[in-house]
Amino acid sequence: MEQPPELTVDLPRVWDRPVVTVPVLACLSLVGGQLPSFSAQANLWTLGTGGALVWLGLGNRVPRRPAPRRLGRGAVWWVLPAAVFGVFEAATFVVSAGSEFPTFSRLADPLLADELVRSAAWFGWLAAFWGLVRR
Amino acid sequence: MMRTLAIAGFLAALLLFAAVEWAARRPGSRVPSLGDVCAYVMRYEVGPVPVGRIGVFGFWWWLGWHFLAR
């Protein structure tokens with residue numbers, strides 16, 4: 001028998017809890033951290049994990065937190081860090097001076113060569129992606 | 001010299017991101033968190049097409065591929 005809507009409660013799914021999602025993301029990150037740059041495996045792992053999250057995020061398979069209907073004027077503060085980053089990224093990209101005036105990617109490359117740092121970056125990327133899927 | 005300038009600029013940008021997020025999480029803050037900004041952008045739709053979600057997911061997917069696979 002169908003219940004009236006006021007009597008039904010959306011129970012959180014068993015898998016939709018940090019105790020489940022964090023270890024899953026950590027395992028995916030540890031695998032990703034072992035894969036070297038420019039390898040077919042790294043490309044496939046990035047495309048596969050990202051594709052799965054896009055698939056989850058574009059469907060109604062995962063419960064979402066309510067989004068704000070409007071942003072206050074305080075949202076303008078986000079322009080400041082974005083502008084500083086954008087100016088430096090654009091300048092380093094246009095000048096193309098290599099290591100003399102490196103882009104953010106070129107600065108990050110030697111850091112990401114370390115497997116532990118790479119795994120941590122993987123975890124940050126996947127955790128943020130999961131957060132976006134839930135919004 | 002130019003290398004130091006680039007590193008300082010990117011570090012300043014990252015610190016500013018962290019500072020604005022910290023300000024947003026204070027009780028009673030008028031600054032929305034980065035998650036709220038993203039959620040607001042992702043609300044944008046053109047007809048039945050969730051353009052905002054596709055754009056944000058696409059950007060984040062590309063970013064991961066760029067840094068972690070290339």
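This is a predicted model: local features need pLDDT of at least 70, side-chain atom pairs count only at pLDDT 80 or more; totals for chains, interfaces and linings use all residues.
1. Chain A. There are 5 helices in chain A and 0 strands. Read from the N terminus, the elements follow the order α-α-α-α-α. The radius of gyration is 20 Å, while the globule rule gives 14 Å for 135 residues, so chain A is more spread out than a compact globule. The C-alpha trace of chain A spans about 70 × 40 × 20 Å along its principal axes.

2. Burial and contacts within chain A. Of the 135 residues in chain A, 18% are buried. Among the contacts in chain A with a separation of 6 or more, 65% are between residues 24 or more positions apart.

3. Chain B. This chain has 3 helices and 0 strands, and its pattern along the sequence is α-α-α. Its radius of gyration is 16 Å, well over the 11 Å that the globule rule gives for 70 residues, so chain B too is described as more spread out than a compact globule. A box of roughly 50 × 40 × 15 Å, taken along the principal axes, holds the C-alpha atoms of chain B. Buried residues account for 21% of the 70 residues in chain B.

4. A helix pair inside chain A. Two packed helices are described by the angle between their axes and the distance between the axes. Helix H2 (residues 40-58) and helix H5 (residues 115-133), both of chain A, pack at an angle of about 15°, and their axes are 9 Å apart. Angles under 35 degrees count as roughly parallel, and H2(A) and H5(A) are therefore roughly parallel to each other. Their crossing is right-handed. H2(A) makes the contact with A:Thr49, A:Gly50, A:Leu53, A:Leu56 and A:Gly57, and H5(A) with A:Leu126, A:Phe129, A:Trp130, A:Leu132 and A:Val133. By class, the contact has 7 nonpolar, 3 polar and no charged residues.

5. The interface as a whole. Where the chains meet, 43 residues of chain A are in contact with 35 residues of chain B. On the side of chain A, the elements that give two or more residues are H2, helix H3 (79-95), helix H4 (104-112) and H5. Which of them gives the most? It is H2(A), with 8 residues. The side of chain A that touches chain B divides by class into 29 nonpolar, 12 polar and 2 charged residues.

6. H3(A) against H1(B). The axes of H3(A) and helix H1 (residues 2-24) of chain B come within 8 Å and cross at roughly 160°. Angles over 145 degrees count as roughly antiparallel, and H3(A) and H1(B) are therefore roughly antiparallel to each other. The crossing of H3(A) and H1(B) is left-handed. From H3(A), the contact uses A:Leu80, A:Pro81, A:Val84, A:Phe85, A:Phe88 and A:Thr92; from H1(B), it uses B:Ala6, B:Gly9, B:Phe10, B:Ala12, B:Ala13, B:Leu16, B:Phe17 and B:Val20. These residues divide into 12 nonpolar, 2 polar and no charged.

7. H5(A) against H3(B). H5(A), already named for its packing with H2(A), also has a contact with helix H3 (residues 51-68) of chain B. The axes of H5(A) and H3(B) come within 11 Å and cross at roughly 175°. H5(A) and H3(B) are therefore roughly antiparallel to each other. The residues of H5(A) in this contact are A:Ala121, A:Trp122, A:Trp125, A:Ala128, A:Phe129 and A:Leu132, and those of H3(B) are B:Val56, B:Phe57, B:Trp60, B:Gly64, B:Phe67 and B:Leu68. By class there are 11 nonpolar, 1 polar and no charged residues.

8. One residue in a loop. B:Arg30 lies in the loop between H1 and helix H2 (34-42) of chain B. Is B:Arg30 buried or exposed? It counts as exposed, because it has 12 C-beta neighbours inside 10 Å and a residue with 12 or fewer is put in that class. Leaving out residues up to four places away in sequence, B:Arg30 touches A:Gly72 and A:Gly74. B:Trp60 is 30 residues from B:Arg30 along the chain, and the C-alpha atoms of B:Arg30 and B:Trp60 are separated by 26 Å.

How values were computed:
Residues are numbered from 1 along each chain as its sequence is written. Chains are lettered from A and ligands numbered from 1 in the order in which they are written. Axes are lines fitted to C-alpha atoms, for helices over the stretch in contact, and angles run from 0 to 180 degrees between N-to-C directions. Helices (H or I, at least four residues) and strands (E, at least two) are DSSP runs, numbered from the N terminus. Angles under 35 degrees count as roughly parallel, over 145 as roughly antiparallel, 65 to 115 as roughly perpendicular and the rest as oblique. A crossing is left-handed if the near helix is turned anticlockwise from the far one by less than a right angle, and right-handed if clockwise. Two residues are in contact if their C-beta atoms, placed from the backbone, lie within 7 Å. Ala, Val, Leu, Ile, Met, Phe, Trp, Tyr, Cys and Pro count as nonpolar, Asp, Glu, Lys and Arg as charged, and the others, Gly among them, as polar. The radius of gyration is taken over C-alpha atoms; the globule rule is 2.2 Å times the number of residues to the power 0.38. A residue is buried if 20 or more other C-beta atoms lie within 10 Å of its own, exposed if 12 or fewer, and partly exposed in between; C-beta atoms are placed from the backbone.
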